[in-house]
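Colleague: I would like to go through a few loop residues with you. Could we begin once the structure is on screen?

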Amino acid sequence: MKELEKLLQDKQIKPTAMRLVVLDYLLKQTSAVSLTDMEVSLKKTDRVTLYRTVKTFEEHGLVHRVEDGTGVTKFALCQPDCTANGHHDLHIHFYCTNCKETHCLPRTHIPEIMLPNGYKRREISLLVKGLCATCKQ
């Protein structure tokens, strides 16, 4: 638990029982998960507290949102350099059309996008759909 507490404290998040449970759950995931996924897996969880916990994690650069085209927002842990001032993990997300899982591909960066003068970027999202390594076999 000390490692989890340190991860939260490094992001200026006060360690509470719920935050520790949610962080532990997220660290064990191999793909992005929805709030509903979390609620089902963490059986004795209050939906509002869970939502607030994930929102706090997002605001402090611990998790990021993943919009994979399914209409359900999913969340995944950020890279260490994300902060409360912004998410810096500009990587591709991959949605498997077979198993329906969404994976972060942190080593596959989004290419630099040159915008015309007068345009200001707020966020970038790139989603690739296809078959993941497991489903391809």
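Colleague: Where does Q12 lie?

Modeller: Please keep in mind that this is a predicted model. Q12 lies in the loop between helix 1 (2-10) and helix 2 (17-27).

Colleague: And is Q12 buried or exposed?

Modeller: Q12 is exposed, with a relative accessible area of 63%.

Colleague: What is phi of Q12?

Modeller: Phi of Q12 is near 60°, which is a positive value in a residue other than glycine.

Colleague: What is the relative accessible area of K100?

Modeller: The value is 46%, so K100 counts as partly exposed.

Colleague: Now T45, please. Where is T45 found?

Modeller: T45 is found in the loop between helix 3 (35-41) and helix 4 (47-59).

Colleague: Why does T45 count as buried?

Modeller: T45 counts as buried because its relative accessibility is 13%, and the cut-off for buried is under 20%.

Colleague: Which residues does T45 touch, leaving out those up to four places away in sequence?

Modeller: With those left out, T45 touches M18 and L50.

Colleague: What does the side chain of T45 reach at 2.4 Å?

Modeller: At that distance, the T45 side chain reaches the backbone oxygen of L42.

Colleague: Finally, what separates the C-alpha atoms of T45 and S125?

Modeller: Their C-alpha atoms are separated by 30 Å, and the two residues are 80 residues apart along the chain.

Terms used: Residues numbered from 1 in each chain as written. Predicted model: local features only at pLDDT ≥ 70, side-chain atom pairs only at ≥ 80, totals over all residues. Heavy atoms only, no water. Helix = DSSP H or I, 4+ residues; strand = E, 2+ residues; numbered from the N terminus. Buried < 20%, exposed > 50% of the residue type's maximum accessible area, 1.4 Å probe, protein only. Contact = heavy atoms within 4.5 Å. Polar contact = N/O pair within 3.5 Å; in protein donor to acceptor, adjacent residues only side chain to side chain.
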